[in-house]
Amino acid sequence: MAGAEKTANMKLSRLDDLFKTDAEREADLEAEQAEKIVELPADQIYPYARQPYSIDRPTPDLVRLMDSIEQIGIAEPLIVRPRTEGGYEIISGHRRDYCARTVGLETRPAIIRNYTDEEADILVVDYNINREDLLPSEKAKAYKLRLDAMKRKAGRPAKNSAQVGQNFKGRVSVEILAEQVNESRMQIQRYIRLTYLLPGLLEKVDSGNLKFVPAADYISHLSEKEQTYLEMVMERDELCPSLNQAKQLKKLSDEGKLENAAIDLIMRLEKPLERKVTLRNDRLKTYFPESYTPKQIENVIIRLLEDWQRKRKHEMTR
């Protein structure tokens, strides 16, 4: 939804803004208000290269935004910056641009600003980081992008500073980020660890088939080869590593002993293989009236199986 991208609703600030005076902030606001909105051709608008969010994932907000743009156009201008290759790249408004393209709008209202790469990285994250429908993978990429930009702005850490994050006027970047997004420092670090997962495993975190803590704290530390085999085992045997299993996998990996056979053994220790049978609807409807609910169908199948089991036991005792 476009409203989720409004700067006025954001709790986050650019890194430099944290140390500006009220007079400086007021001057910045007046300068922004004096900016002109221009109409840019659609073919001159490009997505931001390091944009961490999915743009076309179907959500209720996206549906409402597309309906609104189709009916009244883009109500809130995009914020863009000039590209060295020509045209402009989006800092705020990727979903508005996507919806406009989908409904066939030929121009975009936009405000053009000159941002450095670090400023652009921070702002691209800030404009959407408070959306409630973000996937774990989106938060992971967004936090990493923003933290890396903060590190570049802050410079190199002092000799005894924390390992994650760099010093900025006596503070550590990850601590500043944690305060700005209302997350704990540990949670920020966990999200960033997700970026070390293979794409297939990261998708499993998004879908809930791989739990967040085992994935971030342990699976993300496995090598690419180890993760590749683990993913294959998970799909082949329809298994998901528990917290304890993930700990064992990382321990053996750290020791250089996590061979494929060890992954197989660990994954089968707690969860025996389950047989899964899927009955297609086109086969079931041959035997059941259309009025039957899934629960009624299940009850009938269970009763038939119980009768079949009793007959088998009777035949075996004859």
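In H2, the residues Asp-61, Leu-62, Leu-65, Met-66, Ile-69 and Glu-70 meet Arg-95, Arg-96, Tyr-98, Cys-99, Ala-100, Thr-102 and Val-103 of H3. Sorted by class, this contact of H2 with H3 holds 8 nonpolar, 1 polar and 4 charged residues. Please keep in mind as you look around that the model is predicted.

How do the two helices sit against each other? Two packed helices are described by the angle between their axes and the distance between the axes. Here H2 spans residues 60-72 and H3 spans residues 94-103, and their axes come within 9 Å while crossing at roughly 55 degrees. H2 is therefore oblique to H3. The crossing in which H2 passes H3 is right-handed.

Helix H8 (residues 199-207) and helix H10 (residues 224-237) have axes that come within 9 Å and cross at roughly 50 degrees. Because of that angle, H8 is oblique to H10. On the H8 side the contact is made by Gly-200, Leu-201 and Lys-204, and on the H10 side by Gln-227, Glu-231, Met-234 and Glu-235. By class, the contact of H8 with H10 has 2 nonpolar, 2 polar and 3 charged residues.

Here are the two pairs in brief:

| Helix pair | Axes come within | Crossing angle |
|---|---|---|
| H2 (residues 60-72) and H3 (residues 94-103) | 9 Å | roughly 55 degrees |
| H8 (residues 199-207) and H10 (residues 224-237) | 9 Å | roughly 50 degrees |

Now for the interior. In soluble globular proteins, nonpolar side chains tend to be buried together. The largest nonpolar core in this model has 46 residues, and Leu-194 and Leu-249 touch the most other members. Helix H5 (residues 136-154) gives the largest share of this core, 7 residues.

Which residues does Leu-249 touch, leaving aside those up to four places away in sequence? They are Ile-219, Leu-222, Leu-230, Leu-258, Ile-263, Ile-266 and Met-267. Another core, of 14 residues, lies apart from the largest one, and its members include Leu-62, Met-66, Val-80 and Cys-99.

Finally, a look at the whole chain. The chain contains 14 helices and 7 strands. Of its 318 residues, 42% are buried. Among contacts between residues at least 6 apart in sequence, 71% join residues at least 24 apart.

Key
Residues numbered from 1 in each chain as written. Predicted model: local features only at pLDDT ≥ 70, side-chain atom pairs only at ≥ 80, totals over all residues. Heavy atoms only, no water. Axes fitted to C-alpha atoms, helices over the stretch in contact; angles between N-to-C directions. Helix = DSSP H or I, 4+ residues; strand = E, 2+ residues; numbered from the N terminus. Parallel < 35°, antiparallel > 145°, perpendicular 65-115°, else oblique. Left-handed = near helix turned anticlockwise from the far one by under 90°. Contact = heavy atoms within 4.5 Å. Nonpolar A, V, L, I, M, F, W, Y, C, P; charged D, E, K, R; others polar. Core = buried A, V, L, I, M, F, W, Y, C linked by side-chain atoms within 4.5 Å. Buried < 20%, exposed > 50% of the residue type's maximum accessible area, 1.4 Å probe, protein only.
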